[in-house]
Amino acid sequence: MNYHILTLFPEMVMDGLNTSIIGRAVNKGILSIEAINIRDFTKEKHGHVDDAPYGGGAGMVMQAAPVCAAYEALCERLGKRPRVLYMTPQGKVFNQSIARSLAEEEDLVFLCGHYEGIDERALEIIVSDYLSIGDYVLTGGELPAMVMIDCISRLIPGVLNNDVSAEIESFHDNLLEYPQYTRPEIYEGRRVPEVLLSGHHKKIEQWRREQSICRTWERRPDLLKTANLTEKEKLFLESWKSLQREEKKDLQL
Ligand code: ADE
């Protein structure tokens, strides 16, 4: 996977992405990440890349020409026109299934706006996807690009040490991940669940699946609507829910 980030703040994304697991994958040659400074493509004497909005209003708007020129220079260098993802709170909210489909691409361009955004004509000309990381407004698209790159990268074979964990973790099957424990066996009087010490793999697998189901119901019940539960698991959840209700009643008495 080759990521190309169009930004006015190249050091912000490069510093953030060259560390930890993503940095190691870059060193291993599984990923490449480049930040392209939009400012390098302005033809204006003083290096301006923004101007006041037509029609008035607060702030500055990034001009179309340097943004388009940066993308065209990249396309010429690559000999192809990769997908351009524009980071905007107006976009579709990024999720695990979008990440899975983007992980199939060979090259991805992340376009990061700043100030009051980018001239609409540049977006019309080069953008293929409008993506958001949630219903809140940030000062620019760099953090959203870093979030998406991190999420997409861990789905690429070889990026994580153990490829299975990318699949089993939270949101696999639309369920949250089960709780994890490591040494010591007792911490502040709290024991690791007995089943995890049993060495009984089938039982451990069943316990983890049940924990995932209960946890999803407690914390993200919206996800359960599209989770694939077996009939047996649905029954388990119902009896667990009624047990919870009983416990709540007992506490109120
Ligand atoms: N730019 C500013 N806020 C954003 C958000 N929530 N998601 C993506 N890009 C953004």
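This is a predicted model: local features need pLDDT of at least 70, side-chain atom pairs count only at pLDDT 80 or more; totals for chains, interfaces and linings use all residues.
1. Basis. Local features are reported at pLDDT of at least 70 and side-chain atom pairs only at pLDDT 80 or more, while totals for chains, interfaces and linings use all residues. Residues are numbered from 1 along each chain as its sequence is written, and side-chain values use heavy atoms, with hydrogens and water left out.

2. Overall form. The protein has 10 helices and 9 strands; helices (H or I, at least four residues) and strands (E, at least two) are DSSP runs, numbered from the N terminus. Its radius of gyration is 24 Å, well over the 18 Å that the globule rule gives for 253 residues, so the protein is more spread out than a compact globule. That radius is taken over C-alpha atoms, and the rule is 2.2 Å times the number of residues to the power 0.38. The C-alpha trace spans about 75 × 45 × 35 Å along the principal axes. Of the 253 residues, 41% are buried (buried is under 20% relative accessible area, exposed over 50%, partly exposed in between, with a 1.4 Å probe and protein chains only).

3. The sheet. An open sheet is formed by 5 strands in the order β2-β1-β6-β5-β7, with parallel pairing. Two strands count as paired if DSSP finds at least two bridges between them. The edges are β2 (32–37) and β7 (129–132); each has a single partner strand, so one side of each lacks a neighbour in the sheet. From one strand to the next the twist averages 35 degrees, where axes are lines fitted to C-alpha atoms and angles run from 0 to 180 degrees between N-to-C directions. Strands β1 (residues 2–7) and β6 (residues 107–111) run parallel and are joined by 5 bridges. Leucine 6 has leucine 111 of β6 as its bridge partner.

4. Backbone exceptions. The peptide bond from arginine 183 to proline 184 is cis, with omega near 5 degrees. Proline 184 sits in the loop between α7 (163–168) and β8 (186–187). That loop also holds asparagine 174, a residue other than glycine with a positive phi, near 60 degrees; asparagine 174 is partly exposed at 22% relative accessibility. Serine 20, in helix α2 (residues 20–28), has a positive phi of about 55 degrees although it is not a glycine. Serine 20 is exposed, at 60%.

5. Salt bridges. The whole structure contains 14 salt bridges, each a side-chain nitrogen of Lys or Arg within 4 Å of a carboxyl oxygen of Asp or Glu. Among them, glutamate 105 meets arginine 83 at 2.9 Å, N to O. This pair links distant parts of the chain, 22 residues apart: the loop between α4 (96–102) and β6, and strand β5 (residues 83–93). Lysine 234 and glutamate 231 also form a salt bridge, at 3.3 Å; they lie 3 residues apart in helix α10 (residues 231–252), about one helical turn. Salt bridges with shared partners join Lys80, Glu106 and Asp107 into one network.

6. Surface patch. Met12, Tyr136, Leu138 and Leu143 form a nonpolar patch with about 350 Å² of accessible area together. Such patches take residues with over 30% relative accessible area and no salt bridge, joining nonpolar side chains (Val, Leu, Ile, Met, Phe, Trp, Tyr) within 5 Å and like charges within 9 Å. Areas come from the Shrake-Rupley method with a 1.4 Å probe, and for residues only the protein chains shown count as cover. Leucine 143 belongs to helix α6 (residues 142–153) and is partly exposed at 44%.
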